[in-house]
Every structure is written in structure tokens, then in C-alpha cells.
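New notebook page, new protein.

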Amino acid sequence: MQQHVALDTAARQGLARAALFPLALIVSLFFLWGVANNLNDVLVAQFKKAFTLSDFQAGLVQSAFYLGYFLVALPAGIFMRRFGYKAAVVFGLLLYGIGALLFWPAAATATYATFLVALFVIAAGLAFLETSANPYVTLLGPRESAASRLNLAQAFNPLGSITGVLIGQHFIFTGVERSPAELAAMDAAARTAFMKSEAAAVQMPYLAIGLGVIAWAAIIAITRFPPATVADEARAAEKGVLGRLLRDWRFMAAVAAQFFYVGAQVAVFSYMIRYAQATMPGTAERTAANYITAGLLCFMAGRFAGAALMKHLRPARVLGTFAAINVALAAFAAFVPGQMGIYALVASSFFMSIMYPTIFALGIEGRGDTERKFGASLLVMSIVGGAVLTAVMGATSDRLGIAHAMVVPMVCFVAIFAFALIRREARA
């Protein structure tokens, strides 16, 4: 047994050395999907203005996006098992690029539903990317450092997120804001022209993103990737893997925790601009977007700090501590709205940072290649929490106000804390 483990470790180390350039390309994907994810936070505010939407209707941006993850993640896992990690990455990038290019006709027709379809296509591509990239990173190295390694790789995701917000802040937000009273005072032609101009603001940024992503797919397609399997993963031919995962309550607890985490993160970032403008009247949209940028900087710092902490502490312990802190910060934002409340939301980003990769790594920990691939699919499917809970938060905001709606992510962090306790007890 010890000889087998030694051979396995040697094989993983050899694979890691042979895969430095391919690994760099894979890490770049974390940047690319960060751009798409956090551009949505700007789109929520932009479409609310361009189409005069309620908070619930604006939240459908995230619902369409994360529904794409949910519906495509399992097919992506099957595709990856059949054709490999590289093929899944290239296909995902092509879908991402096509979805971004669809923003041009969507803006030309100025129809909200067409934008939602384009977002769904982008999300379908990202489902392929996340289903393949996350387990690939955990595979390249020793199992015991998988959570730390994935956190380090995911640290590049906030760089993309910050880039996405900056693109939205400077190239999508026009700086022209009309109150409901001003819109009502405009004649029909002027109001239609204003809404069309706001919808058209997304065309050039998404055209550039679409072309860039398709070019990146071409680079990966011509790059040689080493085989991403090792000796102990000969169980790939086993059948019934999906049933085994669904019956494994520890794995399903990770799926549930991921559902609540993504819901919390997406809800907080999607409504941060709305929270700032509602609780601090007179705040301009571009100014409010700075809070998202600050939150993402905290998010990136948290990823590096989390990766360092996990070299000395068990991942479940770090996860539980960070979740408990975020319960308190979300509660503070809910009941102390205004400047201090927005600071609490920004600070919560630091402690959210390690949650996705840590839950992911704990969920697929110690599994063979087949279980890792299907497990990754189910964990990515749980991203549908961003669709469900963002809509719940929008409906709560319409009914109780945006500040009290922060109770929704607070409850999510309680669920993540419970998962961390389960994992700590399982390892005790």
C-alpha cells in the first residue's frame, strides 16, 4: 500500500512538472469566468435602468445565468469523461464566446429576454470550464494539498472579477441616470431612445470579450496537454458512479453547501450597487460600483490568505470560522443599513473568498477519476443557488427593502457553517 501511494505521489509530481504551460492556460480560465460572473453585477443595475425593472425582474439576470450552469453541468461532465479535460475546455470557451457575441443582436433589438438567452449560453460555456478546470487543478499534485492548491488557483478569479466590474463601470455605465419621475415626464419617443441607448452600451464590451475568448480557445486547441490520469484511477470503468455519489451523504452535504454559498455570493454582489444607492441616497451608480471593486480586492486577498492558512489548519476549520464571521457581517448589513452596512458587505467578501474552492475540494476529496468528474458536475450544478437565491433576495427586497433582504445571505452562511462542522466531526 505504501509503495502504491509513493508511486501515485511520484506520478502526480511528474504530471505537474510536465503540465506547467497547460496549467497556466487552465488557471487563466479562472480569470475569464471571473470577468463574466461579475459583469453580471453591473448588468443587474444596467438592465434595471434600461428596462425599468423591479429588483426581482433585474435578478433574473443571475437566474438565467446560473440556470445555465445547473442544466449543462452534468452533460459537461459526461462530455469531459468521453473526450477529456482539454476538449471540454475548448468547447466551453466557444460557447462562452458565442454567448458574448449574442449581446450585439440582443442590444440591437433591445429586448430583455434576448439578453437572458445570451447569458444562458455564456453560462453553459462556463459550466464546461468550471466542471473541467476545478478537478484538473486538484489532480495536479498531492491530495493532501488539493484544497490549498485550488484556493491558490482560484485566487486569479477575483482578478477577472475586478476586470469585469471595471469594464462595466467605465464602458457600460453611461453615467446618465433618470428617476422614475423624470422618466414619467418624458414623452414616449424620448423614453424609448433613452432605454435603447442604455441597452446598446453593452455591445462593444461584449463583442471584444467574445472575440478574445474565441481566440483563447484556439490557443488551447493547439496546445498539447499531458494525460490527466494517474495509476490509482483505474476505476474509471466502474459503473453506477452517479448513484454512489447521490447516496453519499457527505458528498451531498458539500453539494448543498455549494448551493447556499453561490447563492450568498451572487446575492451580495448582485445587489451591492442597489444597497449602496438605496441606503445612501444620492450615490451615483459609478460610485456604487467602487464598493464591488473594493469587495473583490478583499475577495482576492482572502484567497491568498486562505491558501496560506490551510497549510497549517484543516480546511474545514478555516471554512467554519470564515462562515461564522460572515453570519455576523450579513446580519450587521441587514440591521445597520448605510455606510457601515456597506462596509460590512465589502468585508464579507474577504471571508467568502475561500468557500467555493474549499467546499469543492472537500466534496471530491479522495475520489477516483470517474467520481471526481461526476462529482465536479454535481458541484457545478449546485451553482443554481445563484439563480434561486438571488431571485429570492430580489423578491424579499421588493417586499421588505434591500437592507432587510441581506437576511437571505445570512441564512446561507449559517448553512455553510453547519457543513464545516459536519466535515470537522467527520475528520475527528
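**Entry 1: Serine 382.** I began with what serine 382 touches: leaving out residues up to four places away in sequence, its contacts are Val255, Gln258 and Phe259. A reminder to myself that this is a predicted model. I then looked up where serine 382 sits, and it is in the loop between helix H20 (369-381) and helix H21 (385-400). Is serine 382 buried or exposed? I found it buried, as its relative accessible area is 5% and the cut-off for buried is under 20%.

**Entry 2: The whole chain.** I stepped back and counted elements: the protein chain has 22 helices and 0 strands. I noted 428 residues, with 58% of them counting as buried. Next I checked contacts with a separation of 6 or more, and 86% of these come from residues 24 or more positions apart.

**Entry 3: The core.** Which residues touch the most other members of the largest nonpolar core? I looked through its 143 residues and got Leu29, Phe47, Tyr96 and Phe103. Helix H2 (residues 20-50) gives this core its largest share, 16 residues. I followed up tyrosine 96: beyond its neighbours within four places in sequence, its contacts include Leu32, Val35 and Ala36, and also Ile122, Gly125, Leu126 and Leu129. Ile209 and Val213 are on the tyrosine 96 list too.

**Entry 4: Phenylalanine 120.** I found phenylalanine 120 in helix H7 (residues 112-139). I wrote it down as partly exposed, because its relative accessibility is 29%. Setting aside residues up to four places away in sequence, phenylalanine 120 touches Ala64, Leu67, Gly68 and Leu71.

**Entry 5: A patch on the surface.** I searched for nonpolar residues on the outside and noted a patch made of Phe332, Phe335, Val336, Met340 and Tyr343, together about 500 Å² of accessible area. Helix H17 (315-335) and helix H18 (339-352) are the elements giving two or more residues to the patch. Valine 336 is in the loop between H17 and H18, and I have it as partly exposed at 33% relative accessible area.

**Entry 6: Salt bridges.** How many salt bridges does a search of the whole structure find? I got 6, and I looked up some of the pairs.

- I looked at lysine 49 and glutamate 198, where the closest N and O atoms are 3.0 Å apart. Lysine 49 is in helix H2 and glutamate 198 in helix H11 (residues 188-200), so this pair ties together parts 149 residues apart in sequence. I have lysine 49 as buried at 12%, and glutamate 198 as buried at 2%.
- I then took aspartate 55 and arginine 274, with closest N and O atoms 2.8 Å apart. The partners lie in helix H3 (residues 55-58) and helix H15 (residues 272-279), so the pair ties together parts 219 residues apart in sequence. Aspartate 55 is buried at 3%, whereas arginine 274 is partly exposed at 29%. I also noted that Lys48, Asp55 and Arg274 are linked in a network of salt bridges.
- I ended with arginine 244 and glutamate 371, whose closest N and O atoms are 3.1 Å apart. This pair links distant parts of the chain, helix H13 (residues 241-247) and helix H20, with the two residues 127 apart.

Terms used
Residues numbered from 1 in each chain as written. Predicted model: local features only at pLDDT ≥ 70, side-chain atom pairs only at ≥ 80, totals over all residues. Heavy atoms only, no water. Helix = DSSP H or I, 4+ residues; strand = E, 2+ residues; numbered from the N terminus. Buried < 20%, exposed > 50% of the residue type's maximum accessible area, 1.4 Å probe, protein only. Contact = heavy atoms within 4.5 Å. Core = buried A, V, L, I, M, F, W, Y, C linked by side-chain atoms within 4.5 Å. Patch = residues over 30% accessible without salt bridge, like charges linked within 9 Å, V, L, I, M, F, W, Y side chains within 5 Å. Areas by Shrake-Rupley, 256 points an atom, 1.4 Å probe, with all protein chains shown as cover. Salt bridge = Lys/Arg side-chain N within 4 Å of Asp/Glu carboxyl O.
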